[in-house]
Amino acid sequence: HFVKLGTLTGALALSMSWGVSSAMGQTVLTVTHSSPADSHFGEAAIAFEQSLEAQTEGAIDVVIQRLDNEREALESVQFGTQECAIVSAGPLGNFVPETRVLDVPFLFDGYEHARGVLDGETGQELLALFPRYGLEGVAWMENGFRNLTTGSKSIASPGDLVGMKIRTMENPIHIAAWQAAGVLPTPMAFSELPPALQQGTVDGQENPIPVILANNLDMMQQHLYLTRHVYSPGIFACNPDFVAGLDEQQRAALETSGAFAAAANRKRVEKDELVGIETLRDRGIDIVEIDDIQAYRDAMASAYADFEAEFGAERLQAIRDWS
Ligand code: EAX
């Protein structure tokens, strides 16, 4: 009885809210992200939905969808065929080139450092550039520090990576860094990664613990190397015309809901980092702590001259020195 009653009440409430909303001209905001609902991005999207719908008293209806081709997601936001997207910053540099500075490997010492830079002047200045490129940067999100995984081939030192095919994001900085290490980087969208791992068209990939966990990438790989070689920011981006069409209160609500999403996202990344490695070990992947992280830095070192030319040695140092 209880279940039946609950279902009935739910259905009634749903049809009522639809009736009311269409009469009142409810605004739909679709936000996509690239991971399952039970993930660092999923929790962010749900926090955003709850906050924005509550703050606008239902005038904005947030619809969450999964779209794991992040370049397509950003294109759709630019075109306005979807309102917003949460994506890793992987393809972001192809839209807002200045953000590429964040993609330089071994730039941040840890989460506190990366978050401090994003929350500080550098991060805020970068967000302010988004409208030039047809995007509204609502808030920085977080994907996490990336770690290398491989299939049957194992690695004793970065020298073993020479000639290996590693899937990277469609990110020119990451591609250049891996090329410097002698890797054959194979850039592709996240949507193409699981089949590439399953079919063995690549020897490995790299992703943060939250992404590996939520998407079961460990089931398709044998070794996980805790290289933490690069920080992977995320972004909550919206279509600028959509944002401009909101009233002032709604725009303020969008902003605070973006901040709310970022907080939920970071909390989940922390949880995944804390318990995720053990969970992955229990699931059976071979986990390798890296004693000589300097060897990985050195392997990528020949790319740094180009990074310094592109971003300025002083600028990179200023980010490294953040405290
Ligand atoms: O959700 O494409 C990637 O590897 C990214 O880390 C993406 O966020 C996965």
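Modeller: Start with the rule for rings. Rings of Phe, Tyr and Trp (its six-membered ring) pair if their centres lie within 6.5 Å; planes under 30 degrees apart are stacked, over 60 edge-to-face, and the rest tilted. Ring pairs join Phe-108, Tyr-111, Phe-145 and Tyr-231 into a cluster.

A word on the ground rules. This is a predicted model, so local features need pLDDT of at least 70 and side-chain atom pairs pLDDT 80 or more, while totals for chains, interfaces and linings use all residues. Residues are numbered from 1 along each chain as its sequence is written, and side-chain values use heavy atoms, with hydrogens and water left out.

Back to the rings. The count comes to seven aromatic pairs. In one, the rings of Phe-48 and Phe-236 have centres 4.5 Å apart and planes at 45°, so this pair is tilted. Phe-48 belongs to helix H2 and Phe-236 to strand S8, so the pair ties together parts that are 188 residues apart in sequence. Helices (H or I, at least four residues) and strands (E, at least two) are DSSP runs, numbered from the N terminus.

Next, exposure. Buried means under 20% relative accessible area, exposed over 50%, and partly exposed in between, for a 1.4 Å probe and protein chains only. Phe-48 is buried at 0%. Phe-236 is buried too, with 0% relative accessibility.

Tyr-304 and Phe-307 make an edge-to-face pair, with 5.4 Å from centre to centre and 75° between the planes. Both lie in helix H12 (residues 304-311), three residues apart, which is about one helical turn. An α-helix has 3.6 residues a turn, so residues three or four places apart point the same way. Tyr-304 counts as buried at 15% relative accessibility. Phe-307 is buried at 2%.

Now return to strand S8, the strand of Phe-236. What joins Cys-238 to Cys-84? A disulfide does, with 2.2 Å from S to S. The rule asks for two cysteine sulfur atoms within 2.5 Å. By that rule the count is one disulfide. The torsion about its S-S bond is about 105°, so the disulfide is right-handed. Cys-84 sits in strand S3 (residues 84-88) and Cys-238 in strand S8, 154 residues apart. Both cysteines are buried.

Most residues other than glycine have a negative phi. Asn-216 is partly exposed, at 34%.

Glu-57 is in the loop between helix H2 (40-55) and strand S2 (60-66). Glu-57 has a positive phi as well, near 50°. At 73% relative accessible area, Glu-57 is exposed.

Finally, look at helix H10. H10 (residues 248-283) has 36 residues and reaches 49 Å from first C-alpha to last, close to the 52 Å expected. That expected span is 1.5 Å times one less than the number of residues. H10 bends by about 50° at Val-275. The bend is the angle between axes fitted to the seven residues ending there and the seven starting there. After H10 comes Gly-284, whose phi is positive, near 120°.
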